[in-house]
Amino acid sequence: MKRSIWIIIAIFALIAGLAIGVFGVSKIVQDKAFVPKLKIIGDIRNIIEIMDLDIFEDDLVINIEGDAARAVSLKKLIDSGEPFSQQNNILIAGHDDSVAELDYEGLDNSYLAFNSEHGWHSINPEHPANTKIKRIREIAVISKDNSIDHEYGLSIISVDENILNITPGQAYGKTTEYLYPEGDVSMEKDGGRYDASVYSKKDIIEIERLLDRDMGENIVLMGRDGNIVYTRSIGMVELNDNHFNYIDSGGNRKISDLAGIMMDPPGASIMDVYDDCVYYMDKGEKVMVIILDGFGYHQYEYAYANGYIDFMRDAGNIKQASSIIKPVTNSGLAAIFTGRPPAESGIYDHDNRQPLVPTIFDSILKGNKSAIYIEGNIQILKTEIDPVLNTNRNNDGYIDDDIFRCAMENIGEDFDLMVIHFHSIDDIGHDAGDIVPGTMDRIKLLDSYVKELALSWDGYVIVTADHGMHKTGDGGSHGEFRYEDMFVPYIVFSPGK
């Protein structure tokens, strides 16, 4: 009887084997073992952390030497992280320090799979065998596009030069491992005390070595988190997945998502407007603040050298001032009005309108003084006083003539503070570029507006900008950590001069 049962089992096994051979049905390799974490980092907006097998939900099955394995398209997986550029190299790094570099464009038939023997591993049928990395630790996306926007990665600038822009992917492999002290721990057991120190490993970039030049005596670091650090020592720059962090010489993280470093920056900042207004008004003086939107210091220098500026070149106090990151109108105005960096004002970009701290208008009201704020056709920030809005009454495509007319109509109303925000340098700069005749002609017109306003005002006049402007292929733009966007003029006219 037992012999008959075994014969039946053997027959069924034979039939199953024949079915596999005839119909090409192979087993699907899919282990339910421990799944180690895998990260995709570098030049992507969203870090990808894979901690389970849910990425195989599309039920893609590929054949590996006669066996079927569930897999996911490597290119599709990387695309889900939104790479900064479409021109990339892909580094696949294993726990055994083996590394394969593949061109992003050649990933159409490359896959990521998992089993208990090889862990996460790559399958690249159209590449050499040694590109099939086993037990993958991480995958790094490295941009090959050297013209990638300075909006991404880390930029290093001086007052007149964009020195370096490096993305997280491009910094991959150029770091030094550093054991970062997290703290001390201790425990007592059986009458004894046991102490230990805890460290975490960080990947540090040696900036001066990367530049092969001295950083200068003074350094300003600015982060996309809105923090600003003034220092004489560079400290440490940490590469962290898809961004950089700044750690000071004491080991304290001061900036998360470091945007840029200014070498030997100017001593002035657009945030000085707040303190200067308070200082002059405490002395009993009136103040007019004229904001020329999108007027970079390099544009001022060019206009000065080429005869487009007459009045603003003769001020007794002309300085170069730094803007803030992100150099756009909302955050720039907030820095001017509050005297605080974005981390304190709460205004980081165009998406924010409500400052978290009082503006200069709050100080005016509490001091029983009067103020007027003259704007274009929309309220950009929510301030303690409502702006006087203007429309393009003559339909010439620009609103600055209407803003100027409104300012002249109110200049005799004995306000302690007048704030006037002109827009057309920025408007034309976007359309035509930063250093072109059309933009220069507009600067010349605004110079005449400044002249008439200043000569009609009995008090101090501060002329500055929220941000600058850099050229693009079809016009101009701003919002990046580059000297054209980050440095603006800061001009002060004293009463009667």
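User: How do you know how many disulfides there are?

Analyst: Happy to go through it. A disulfide is called when a pair of cysteine sulfur atoms lies within 2.5 Å, and by that rule the count is zero. Cys277 is in no disulfide, since its nearest cysteine sulfur, that of Cys406, is 19 Å away. Cys406 is in no disulfide either, with the sulfur of Cys277 as its nearest cysteine sulfur, 19 Å away. Please keep in mind that this is a predicted model, where local features need pLDDT of at least 70, side-chain atom pairs count only at pLDDT 80 or more, and totals for chains, interfaces and linings use all residues. Residues are numbered from 1 along each chain as its sequence is written, and side-chain values use heavy atoms, leaving out hydrogens and water.

User: What makes Cys277 buried or exposed?

Analyst: The relative accessible area decides: under 20% is buried, over 50% exposed and in between partly exposed (1.4 Å probe, protein chains only). Cys277 has 2%, so it is buried. Cys406, at 6%, therefore counts as buried too.

User: And what puts Ser345 in its class?

Analyst: Ser345 has a relative accessibility of 1%, so it counts as buried. Its place is in helix α8, residues 342-345; helices here are DSSP runs of H or I with at least four residues, strands are E runs of at least two, and both are numbered from the N terminus. Leaving aside residues up to four places away in sequence, Ser345 touches Ala334, Thr338, Arg340, Gln354, Pro355, Leu356 and Val357, where contact means heavy atoms within 4.5 Å.

User: How do you know how α11 runs relative to α12?

Analyst: Helix α11 (residues 424-432) and helix α12 (residues 437-455) pack at about 175°, their axes 9 Å apart. Axes are lines fitted to C-alpha atoms, for helices over the stretch in contact, and angles run from 0 to 180 degrees between N-to-C directions. Under 35 degrees is roughly parallel, over 145 roughly antiparallel, 65 to 115 roughly perpendicular and the rest oblique, so α11 is roughly antiparallel to α12. Among the residues making the contact are Ile425 and Ile428 of α11 and Ile443 and Leu446 of α12.
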